[in-house]
Amino acid sequence: MNKIEEIQAYIAEERNMLLKHPLYERLHNLEALRTFTEGHVYAVWDFMSLLKALQIKLTCTQTPWFASEYPNTRYLINEIVLAEESDEYLDGTRLSHFEMYLDAMQTIGADLTGINRFIEKARSKQIRLAIADAAIDVRIKEFLSFTFDTIENGETHEIASAFTFGREDLIPEMFGPMLLRIQQHDPDVDLAKIIYYFDRHISLDGDEHGPLAMQMITELAGDNSDIWEQIKSVAKVALQKRIKLWDAINEGI
């Protein structure tokens, strides 16, 4: 068993809990889907902050420019940033996945008030105050706080662990068919945008970003057993926070 396989075995219980979470069984109508997106959108947003933290640490984002320490990893990060921040949308325009998600939420009639207020406060205040002031479940706040604790206080490999093992590949394949069933139940509502978002994200995570992220972890850890242990620890906590996020959304539905 290699080091990546050891981590996957270590977090298998948490991943299984997420992929089989009762939340998915509750997504049987449009109202439930709206509530889901209103909580999940915070995870969509904070994923980008983890990614940008890695870009800052693993590539050169300043002038004068200098080559960063990890040539393979800087390619991996820039490749992921390109797709996550400037992907092709349904109409051929270029948007971040977060912007796609907001547009899809608006199309299905979800309430964007909470996330819009949060983003506005995050722009003008410290992120901690924005989280504290947000009118959201405390478990969603804990999820966000863990992300920014890791960004602000964690080593680069710990940020990479939260990014790699707590990512959006935790949406199971059955999610697509569920959306189609909701569309059949509420044929007057166009779910094409939300279906496109999840199809695109699941495809990228499975085919491209997932393998790239695993390569990043391997390069950052090398043969350092202490770093591998720290990566394992952060990965488990990230998934535990994600389970609580799912619990909060499930109870909201």
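**Helix packing and aromatic rings**

In this predicted model, G39, Y42, A43, W45, D46, S49, L50 and A53 of helix α4 meet I140, F143, L144, T147, F148 and I151 of helix α9, where contact means heavy atoms within 4.5 Å. By class, this contact has ten nonpolar, three polar and one charged residues. Two packed helices are described by the angle between their axes and the distance between the axes. Helix α4 (residues 30–58) and helix α9 (residues 138–153) pack at about 0 degrees, with axes 10 Å apart. The two are therefore roughly parallel, a term for angles under 35 degrees.

Residues are numbered from 1 along each chain as its sequence is written. Local features need pLDDT of at least 70, side-chain atom pairs count only at pLDDT 80 or more, and totals for chains, interfaces and linings use all residues, while side-chain values use heavy atoms, without hydrogens and water.

The whole structure holds eleven aromatic pairs, in which ring centres lie within 6.5 Å. The rings of Y101 and Y197 have centres 4.8 Å apart and planes at 70 degrees, so this pair is edge-to-face (planes over 60 degrees apart). Y101 belongs to helix α6 (residues 97–107) and Y197 to helix α12 (residues 192–221), 96 residues apart. Y101 is buried, with a relative accessible area of 0%, and Y197 is buried at 1%; buried means under 20%.

The charged end of K232 sits over the ring of Y10, 4.7 Å from its centre (NZ of Lys within 6 Å of the ring centre and within 35 degrees of the ring normal). K236 also lies over the face of Y10, at 4.5 Å from the ring centre.

How values were computed: Axes fitted to C-alpha atoms, helices over the stretch in contact; angles between N-to-C directions. Helix = DSSP H or I, 4+ residues; strand = E, 2+ residues; numbered from the N terminus. Parallel < 35°, antiparallel > 145°, perpendicular 65-115°, else oblique. Nonpolar A, V, L, I, M, F, W, Y, C, P; charged D, E, K, R; others polar. Phe/Tyr/Trp six-rings, centres within 6.5 Å; stacked < 30°, edge-to-face > 60°. Buried < 20%, exposed > 50% of the residue type's maximum accessible area, 1.4 Å probe, protein only.
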